[in-house]
Amino acid sequence: MTEPQPVAQPAPVAQPAPVAQPARAMTGALPVAEPARVRRAALRLIRLDGRAFAAMIALNALAAVAGLAGPWLLGRIVDAVKSGAGAAAVDRLALAILAAALVQLVLSRYAGHVGHRFGERTLARIRERFTERALDLPVSVVERAGTGDLTTRGTTDVAALGATLRDAGPDVLIAAVQAAFILAAVFVLDPLLGACGVLGLLGIWFAARWYLRRAIPAYLAEGEANSALAEQLAATTAGARTVAALRLEHRRITACQAAIGECRRTRVRTLFLRSVLFPVVDISYAIPVVGVLLVGGLMANGSMTLGTVVAAALYLRQLGQPLDTILLHLEGMQSSGASFARVEGLALVPGPAPAAGPELVPDGDRLVAAGVHYAYDGGPDVLRGVDLTVRPGERLAIVGPSGAGKTTLGRLLAGVDAPRTGTVTVGGVPVAALDPGRLRERVVLVTQEHHVFLGTVRDNLRIAAPSATDAELRAALATVGADWIDDLPDGLGADLGPGGHRPDGAQAQQLALARVVLADPHTLILDEATALLDPRTARHTERALAAVLDGRTVIAIAHRLQTAHDADRVAVMQEGRLTELGTHHDLVAAGGTYAELWRSWHGE
């Protein structure tokens, strides 16, 4: 089965709860790898395709050697003509120049072919590794960083790396080898002329050093600004209806314009760096040639021949081509270096902590939160000393006003986040210590954000159960009341997305809940999972889920108090604290916060 591709809504559906990582707090954007780590990653990629890289170096070196023959032979022609040699000798040297040029052409062409194949294989490895790391990211990290940053790294930054590996990398490598051989040839001709050439190139060295010290930070800032702009545009587009309904157009436009202004500022900075580098380089090209001609003109009748001076001048003039290539791609190399640092930065996000001993196996499915405190990114606590035990098979409703900490508590129970202090355990084992695979067997968190993938209805459902039969898929859809599938021309084979059926919000939620039925977890946490369904459909779906998950633990976080009415127990959250816990009837009789919410729900 071809892996389905996303259609809309970037948030995942029925996300199995990942292991929270207490070892390192992640705030803001995703991390960026330091230069030492980037170098190690680049060396690792080279080692993985070492033969191709060595062949590329060898072919480039041979091509550079062949390119050195032309100026040297032309110098010999000058000396031969000066000494009175005949046309036959000149013709032989001219044919040798032609042969050397052909050899250089063939070797350069084949070196480029090998280099491009090396670049494509390396880019494939980078993409595969990036995908693996992105899929392993904890949900909390992605939420804090924003989808714009992750999307930009997976598209713009990877594309920049691809351009470098396909084009700039091989070209710069060839040019660097050629430049080294040309300078060596000038020293072989005459050390004094070689020294003149090197001294004349010092201007390029100083300009390049000035540029390189400033380029990486500038390009990193530009990449960060691009990520921020992508995040603003994605948030504005996804919430377009909300923006229009609340008349937030001016505020969103202002935020987007500020992000665009920051992008422009960082782009102007990189343009300024190039505007200083390139004029200095252009002037520096002529200096070594002029120096060699002046020194050679003074000494041509003494310790060196006219042919030697001509050959050295031609070599240094020829040096402009590889240096042009290097400088042409210098911007792209710096930009791709910053992109590689951003792509490699995903490796800095801490993964699951290795178990110190044998793997812990939960004894049962009892969820216990004890003395839980939690704060987002070092801010004030949003949960304060929560103690809650959820019995296996229990249907628990968590209710309370907006901002009371209901969703945060659900995330901790699902293992998306870890408490700042206190513990959250399942079967006596800390949720954060569970292997991700074992945790997925027990806890699944379903939010009101749902994701539909490009592909058929069958493809979308088999994400949760790859071996499920069509009968099992239809049974899962029937369980959540998704009878609209029968109205599609191809049924389970109907395409979803552009060119096919576009499911609305309610249908997307039903697909997500059908996946939950197929996954059959021990514990299910519903965080407003039926919010987009109409009341009648939501009521039917919740009852169907309760029947299917009989004997399983169901934790429902909802504003619909009808859900609390049907639950075994109700937990009331207020200002980050668990203030009431009991059955619906007991809490109504107690006349506390829940009773007020219930009367308000019924318009009393």
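**Close-up views of a predicted model**

**View 1. The hairpin of β2 and β3.** Strands β2 and β3 form a hairpin with five residues between them, and D377 in the turn has a positive phi of about 50°. This is a predicted model, in which local features need pLDDT of at least 70 and side-chain atom pairs count only at pLDDT 80 or more, while totals for chains, interfaces and linings use all residues. Residues are numbered from 1 along each chain as its sequence is written, and side-chain values use heavy atoms, with hydrogens and water left out. Helices (H or I, at least four residues) and strands (E, at least two) are DSSP runs, numbered from the N terminus. Strand β2 (residues 367–375) and strand β3 (residues 381–390) run antiparallel and are joined by six bridges, and A375 has D381 as its bridge partner in β3.

View 2. Four strands make an open sheet in the order β3-β2-β5-β6, with antiparallel pairing, where two strands pair if DSSP finds at least two bridges between them. Its edge strands, each pairing on one side only, are β3 and β6 (429–430). Strand β5 (residues 421–426) is joined to β6 by two bridges, the two running antiparallel, and T425 stands opposite P430 in β6. Helix α12 (residues 406–414) lies across β2, β3 and β5 and runs at about 55° to β3; angles run from 0 to 180 degrees between N-to-C directions, and axes are lines fitted to C-alpha atoms, for helices over the stretch in contact.

**View 3. Helix α6 against helix α9.** Helix α6 (residues 191–200) packs with α9 at an angle of about 155°, their axes lying 8 Å apart. The two helices are therefore roughly antiparallel, a term for angles over 145 degrees. The crossing of α6 and α9 is right-handed, that is, the near helix is turned clockwise from the far one by less than a right angle. Residues in contact (heavy atoms within 4.5 Å) include L192, L193 and C196 of α6, and I287, P288 and V292 of α9.

View 4. R267 forms a salt bridge with E222, the closest N and O atoms being 3.3 Å apart; a salt bridge is a side-chain nitrogen of Lys or Arg within 4 Å of a carboxyl oxygen of Asp or Glu. This pair links distant parts of the chain, with R267 in helix α9 and E222 in helix α7, 45 residues apart.

Key: Parallel < 35°, antiparallel > 145°, perpendicular 65-115°, else oblique.
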